[in-house]
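Here is a short report on a two-chain model. Look over the sequence and structure first, then read on.

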Amino acid sequence: MIAQPITARLLCSALAALTLAVLLVFATPLSAQTSGGQPKSPSGSNPTASSVNEQKLLQELDRLSGRVTVPNPQLAMLEQPQGRSYQSFHERWLPWIGGIAVLGMIAILLVFYLWRGRIRPTPEERSGRAVVRFSAFERLNHWMMATCFIVLAVTGLNYVYGKRLLMPLIGAEAFADWSQWAKFAHNFIAWPFMLALLLMFILWVKDNIPDRYDAAWLRAGGGLFGGRQPPAERFNAGQKLLFWSVIIGGVLLSVSGVIMLFPFALVDLQGMQIAQYVHAITAVVLTAVILAHIYIGSLGMEGAIGAMTTGTVDQAWAYHHHPAWVERQRRGQVQGPTIGPGEVPAS
Amino acid sequence: MARMKFLCDADRCIECNACVTACKNEHDVPWGINRRRVVTLNDGKPGERSVSMACMHCTNPPCAAVCPVDCFYQTADAVVLHSKELCIGCGYCFYACPFGAPQYPQVGNFGSRGKMDKCTYCAGGPEADNTAVEYALYGRNRLAEGKLPMCAEMCSTKSLMAGDGEVIAQIYRERVLKRGYGSGAWGWRTAYNEDISV
């Protein structure tokens, strides 16, 4: 007797469920037809509406790329908002970085010149006898690199400052013609520069390894700020710093430059942008370093230019500044012209 | 003056590439150069979409900013054009362009890539309108004839729209409201620093 109401209740529930189910079966297509919405998949989702969304993709990815049916693979890149970052580097940061580096160095050199004047050899550094400092091949290679560097620096700076400084003076068309030639010069002179860099490394690396004189030389500031110039081997610590700046900077410029000469052959779009960042910043910093080198090698120090023109310096000067090198020469441990015994005046 | 823009409604694009072909034909674009192309995202996966992309004629265009010889200019309709007489083919504009629009006739040599070519919004170049020299360098100048770009005119599903930015944004807004979804106005935030709010 107790079972009967339970059975009745179950029957009622089953009927209600059936009615609901029947209603649902009829109601679903009805609502789909009247609402004019999209046909729904069995899962109830709308496959047409669930698509990739630009803003969501850009939150996850730096670049949007897909598939294209045209042959150029670069065109598979749909969108790269970091092009705006490249723009901001190129137009906002780079002119300032370059300007501060180059003009800053010129200002420092001017102040140094006004304060210190031209560094002249003391009477005891003059013997009147010459000693060969650089061989003809070393000088030739130096001037090959110097010529290339000046051409590359001027044409390189033209990419950044030309339109700001030169174009208003000579007009858009003349400036475009000049820039076209400047670009060709930049792209082709790069190769002898790289050759000179390689030769320079081979010629001078053995004389530019840090040695026991360098710490004392650096502590004394190389004698640039008063006092005597501390002794050194063939190259002092300042010259070594220059050598390694040129080698490291030159390698960075060469690698990033070759990447730019063969667009997309080695790297993708982001790599091309990074190559430009590296190339431009290295170039302006190295230009500033070379300005200091040009100053100290010509105007800043009397007699220094001779080392790279005739290849000779005064024996007494060499003995005062590079005693270890002169000693080594005297012992005949270096190739090329040597100083005979007794030719070096007592200091 | 209108502020001309492109808008690709990716939910309508069927990747037929008619816009690409129409552009090539209208302007006699040389081999290897594609002023417009269709990029398919998530190809073969759920949510796949194709977007027809060319120069978006940006506000504050990055190409014009980075150009070392200032060969770009913007017309009164905000169309970004350039002078092939001035271009030195350095390639900076390609690195700066968010949409990969600039193209070069030569690739992968000692930096002599030739003069850059890109979508002109069918508006030619700095030379006199509809002259032979303008056609040879930049293709047809449809805007000067009172016509809109060929790619958008040809679009069979009216996915690609060209015209005044306000007008095409309104059309897109109505479409999204009516069908209830939209994958976005591709490139608008990057190009124009604005989005179409629905």
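## Helix α7 of chain A

This is a predicted model. Helix α7 of chain A covers residues 237-261, 25 residues in total. At 1.5 Å a residue, α7 should span 36 Å, and its end C-alpha atoms lie 35 Å apart, so the two values agree.

Several residues of α7(A) are buried, including A:Val246, A:Gly250, A:Leu253 and A:Gly257. A:Ala237, A:Gly238, A:Gln239 and A:Lys240 are also among the buried residues of this helix. Their cover includes three helices of chain A: α5 (172-204), α6 (214-219) and α8 (269-297).

## Nonpolar cores

The largest nonpolar core has 77 residues. Within this core, B:Val51, B:Cys67 and B:Cys93 touch the most other members. Helix α3 of chain B (residues 92-96) is the top contributor, giving five residues. Another core lies apart from the largest one. This other core has 18 residues, among them A:Leu152, A:Phe193, A:Leu253 and A:Ile290.

Beyond its neighbours within four places in sequence, B:Cys93 contacts B:Cys63, B:Val66, B:Cys67, B:Pro102 and B:Met116.

## Where the chains meet

The contact draws 50 residues from chain A and 42 residues from chain B. On the side of chain B that touches chain A, β2 (37-41), β3 (49-53), α2 (62-66) and α3 each supply at least two residues. Strand β2(B) gives the most, with five residues.

What is the make-up of the side of chain B that touches chain A? Its residues divide into 23 nonpolar, 14 polar and five charged.

Technical notes: Residues numbered from 1 in each chain as written. Chains lettered and ligands numbered in written order. Predicted model: local features only at pLDDT ≥ 70, side-chain atom pairs only at ≥ 80, totals over all residues. Helix = DSSP H or I, 4+ residues; strand = E, 2+ residues; numbered from the N terminus. Expected span 1.5 Å × (residues − 1). Buried ≥ 20, exposed ≤ 12 C-beta atoms within 10 Å, placed from the backbone. Contact = placed C-beta atoms within 7 Å. Core = buried A, V, L, I, M, F, W, Y, C linked by C-beta atoms within 7 Å. Nonpolar A, V, L, I, M, F, W, Y, C, P; charged D, E, K, R; others polar.
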